[in-house]
Number of protein chains: 2
Amino acid sequence: MTTAHPPTPGTALWVHAHPSRSSLNGRLFREGVRALSADREVVTSDLYAQGFDPVLDPRALSGGSPGAAPGERTGGPAGLADLLGDAHARGRLPADVVGEQAKLARAELLVLQFPLWWYGPPAILKGWFDRVLTAGFAFGDLDPELGVPRRYGDGGLAGRRALVVVTAGEDAGSIGPRGVSGDLESLLFPLTHGVLWYVGVEPLDLHVVHDADALGAAGVEREVERLARRLRTLDAEPGRPYRRLRDGDYRDTRALRADLLPGRTDLGIHRLPAG
Amino acid sequence: MTTAHPPTPGTALWVHAHPSRSSLNGRLFREGVRALSADREVVTSDLYAQGFDPVLDPRALSGGSPGAAPGERTGGPAGLADLLGDAHARGRLPADVVGEQAKLARAELLVLQFPLWWYGPPAILKGWFDRVLTAGFAFGDLDPELGVPRRYGDGGLAGRRALVVVTAGEDAGSIGPRGVSGDLESLLFPLTHGVLWYVGVEPLDLHVVHDADALGAAGVEREVERLARRLRTLDAEPGRPYRRLRDGDYRDTRALRADLLPGRTDLGIHRLPAG
């Protein structure tokens, strides 16, 4: 495994996506950053406070005629390579994107913190992925041995780990295994696998705050402390890797080989078996 | 089943979320709307063209002191009820949200069209859900028999069907069953089940354009025609309902009852069995 952006040991980037300072999320953000800062250099992206613009619009980059704008092609691995790879190569990325990329390039640990809205991240965070994780920066370079783009465990941000901190209004039953709303592991698979793992970042176990609207004052204090405690011991935690594309588990068909976990169709099949 | 907003028969709302008019998505949008207009009254929400703001920020609604702003609580069914239900009740919703809700309230068929970016909808569409589907409009009213909020097959927008049209850069193997990127049905479950079904809208089979960046001119024409053909026969299509919460399949634990599809943990367990 190589990485285009070797992280600086002992650094972290905390990305926060909730509008209200006085919310539970606001508390978790401030106290979490404080706890993490005890033994790391922490920088933050407080997306609401920054007024981050989540709308990817390649037209804003072009400067040329509408006919010459990128966007004729919609695909690429994340559906964005052709829209933005060109802009990256030509150094025409907006200043805010360049700034976020600089933070990411340095950070060894990534924390993504947000409330679950409609069973996914708020738009402001989704747009941070859309705009910041450009081809040429986060993915798209070729594996020198295999001759294919490095992705899924081996992308442009390999060598990093990520903690997803999410607050949910529902209880553990509703978003647990077989829960009425779908299990949270699957609901966030597009984030943990489709975004993080795609670009080489290994996710840790989710940090979930259930019943977030019904905690009461004492419950909030308990959750603040539980998060701080976890952050203090992150280095000792095992990662939760998915299967690495280069290991051959998806050879030939781009689907998981028939001899591996035959018959199963749940998203859990993409986890690397323990041991 | 009752609905807070009875749709007008023969109407459709087409929501489009791609920045470029000259893209494949731009073509599919224009030709799709044309085909659908043959036998329906179609209104559109071209989110990029409208300059739709996807960032939910309750602070913009308040007008009061920061201490009085909504957002202290983060939960509710979609994590948003407490943030915005209040604003809905007091008629303080922004004009653009009111406009989108008026379109939704009238439409019988909903089409959501977008490119798959990072294995989900672009931020501008995610934010359309975050901002437009407010408590009091799309969910939150009580089932008069059961005394619980109507949701999952019986929400504020019941009586509608939806077609999701999505372009993907990957091939059918990569996002098919056991595909390396996860199967698209599961990747979009937060949308089809967590958004649409939650508020009562029944999704039809996904309309997927694979290999969207490698179609070539003839391939684009084929896809335009395939979509138009499908739109002409939508009324004859069976829906793809998930389980209705009120039917009792999740009784007591909020997880699928142990006697139903025992042992399975894939998201497909939430589909209503055929027949």
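Which residues' side chains meet in a salt bridge at 3.2 Å, N to O? They are Asp171(B) and Arg254(A). A salt bridge here is a side-chain nitrogen of Lys or Arg within 4 Å of a carboxyl oxygen of Asp or Glu. Between chain A and chain B the count is four salt bridges.

This is a predicted model, where local features need pLDDT of at least 70, side-chain atom pairs count only at pLDDT 80 or more, and totals for chains, interfaces and linings use all residues. Residues are numbered from 1 along each chain as its sequence is written, chains are lettered from A and ligands numbered from 1 in the order in which they are written, and side-chain values use heavy atoms, with hydrogens and water left out.

Start with one chain. Chain A holds nine helices and six strands. These are DSSP runs numbered from the N terminus: helices are H or I with at least four residues, strands are E with at least two. Of the 275 residues in chain A, 60% are buried. Buried means under 20% relative accessible area, exposed means over 50%, and partly exposed lies in between (1.4 Å probe, protein chains only). Contact means heavy atoms within 4.5 Å. Among contacts in chain A with a separation of 6 or more, 76% join residues 24 or more positions apart.

A rotation of 180° with 0.0 Å of shift along its axis places chain A on chain B, with an RMSD of 0.0 Å. That is the relation of a two-fold axis. The superposition is by least squares on the C-alpha atoms of residues with pLDDT of at least 70 in both copies. Asp266(A) is the residue of chain A that comes closest to the axis, at 2.1 Å (C-alpha). Both copies use the same surface: 100% of the contact residues of chain A recur in chain B.

The contact takes 86 residues from chain A and 86 residues from chain B. Together the chains bury about 6,400 Å², 56% of it on carbon and sulfur atoms. Buried area is the accessible area (1.4 Å probe) that two parts lose on being put together, summed over both.

Next, the nonpolar core. It is a set of buried Ala, Val, Leu, Ile, Met, Phe, Trp, Tyr and Cys residues joined through side-chain atoms within 4.5 Å. The largest has 110 residues, and Trp128(A) and Trp128(B) touch the most other members. Beyond its neighbours within four places in sequence, Trp128(A) contacts residues including Leu13(A), Phe52(A), Glu100(A) and Leu133(A).

Back to charged pairs. Over all chains there are 54 salt bridges. Arg106(A) and Glu41(A) form one, at 2.8 Å, N to O. The pair links helix α5 (residues 95–106) of chain A to strand β2 (residues 41–46) of chain A, 65 residues apart. Both ends are partly exposed, Arg106(A) at 36% relative accessible area and Glu41(A) at 40%.

Asp154(A) pairs with Arg246(A), with closest N and O atoms 3.4 Å apart. Asp154(A) lies in the loop between α6 (123–132) and β4 (161–167) of chain A and Arg246(A) in the segment after α9, so the pair ties together parts 92 residues apart in sequence. Asp154(A) is buried at 6% relative accessibility, whereas Arg246(A) is partly exposed at 34%. Both belong to a network of salt bridges that also links Asp141(A), Asp143(A), Glu145(A) and Arg150(A).
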